[in-house]
Amino acid sequence: MMGGFFVLVGVGLFLYVVFTVSYMDKKMRKQERDIEEVKSLLKVVIKEQERRREGTYWRE
């Protein structure tokens with residue numbers, strides 16, 4: 001009887017770990033996509049600032 005209890009606890013713990021790792025993996029993938037999106041937006045903002053600077057400063 002006690003062996004069955006340990007098997008159930010083991011299966012429950014295993015499923016908890018699998019679902020936790022899966023959840024964390026999904027969160028990390030989303031975070032990586034968000035980081036790439038922010039990088040591309042920053043590139044656009046930097047290019048726009050460079051264009052504005054070229055128009056406002058004197059050229060020698």
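Mentor: Begin with leucine 41, which counts as partly exposed at 49% relative accessibility. Buried means under 20% relative accessible area, exposed over 50%, and partly exposed in between, with a 1.4 Å probe and protein chains only. Before going on, note that this is a predicted model, in which local features need pLDDT of at least 70, side-chain atom pairs count only at pLDDT 80 or more, and totals for chains, interfaces and linings use all residues. Residues are numbered from 1 along each chain as its sequence is written, and side-chain values use heavy atoms, with hydrogens and water left out.

Trainee: Where is the place of leucine 41?

Mentor: Helices (H or I, at least four residues) and strands (E, at least two) are DSSP runs, numbered from the N terminus. Leucine 41 has its place in helix H1. Leucine 41 is 18 residues from tyrosine 23 in sequence, and their C-alpha atoms are 27 Å apart in space.

Trainee: How many helices and strands are there in the protein chain?

Mentor: The protein chain has 1 helix and 0 strands. Its radius of gyration is 26 Å, well over the 10 Å that the globule rule gives for 60 residues, so the chain is more spread out than a compact globule. That radius is taken over C-alpha atoms, and the globule rule is 2.2 Å times the number of residues to the power 0.38. The C-alpha trace spans about 90 × 10 × 10 Å along its principal axes.

Trainee: What percentage of the 60 residues is buried?

Mentor: Buried residues make up 0% of them. The protein chain exposes about 6,400 Å², and carbon and sulfur atoms supply 66% of that area. Accessible areas come from the Shrake-Rupley method with a 1.4 Å probe; for residues, only the protein chains shown count as cover.

Trainee: Which residues make the nonpolar surface patch?

Mentor: Patches are made of residues with over 30% relative accessible area and no salt bridge; like charges are joined within 9 Å, and nonpolar side chains (Val, Leu, Ile, Met, Phe, Trp, Tyr) within 5 Å. Here Val7, Val11, Phe14, Leu15, Val18 and Phe19 make a nonpolar patch of about 590 Å². Phenylalanine 19 lies in helix H1 and counts as exposed, at 60% relative accessibility.

Trainee: How many salt bridges does the rule count?

Mentor: A salt bridge is a side-chain nitrogen of Lys or Arg within 4 Å of a carboxyl oxygen of Asp or Glu. The count by this rule is 5 salt bridges. One of them joins the side chains of arginine 29 and aspartate 25, at 2.7 Å from N to O.

Trainee: Why are arginine 29 and aspartate 25 separated by about one helical turn?

Mentor: Because they are 4 residues apart in helix H1, which covers residues 2-56. Arginine 29 is partly exposed at 47%, and aspartate 25 is partly exposed at 33% relative accessibility.

Trainee: What do lysine 30 and aspartate 34 form?

Mentor: Their side chains meet in a salt bridge, 3.1 Å from N to O. Lysine 30 and aspartate 34 are 4 residues apart in helix H1, about one helical turn. Lysine 30 is partly exposed, with a relative accessible area of 42%, and aspartate 34 is also partly exposed, at 34%.

Trainee: Which residue does glutamate 48 form a salt bridge with?

Mentor: Glutamate 48 pairs with arginine 51, and their closest N and O atoms are 3.3 Å apart. Both residues lie in helix H1, 3 residues apart, about one turn of the helix. Glutamate 48 counts as partly exposed at 32%, whereas arginine 51 counts as exposed at 54%. Salt bridges with shared partners join Glu48, Arg51 and Arg52 into one network.
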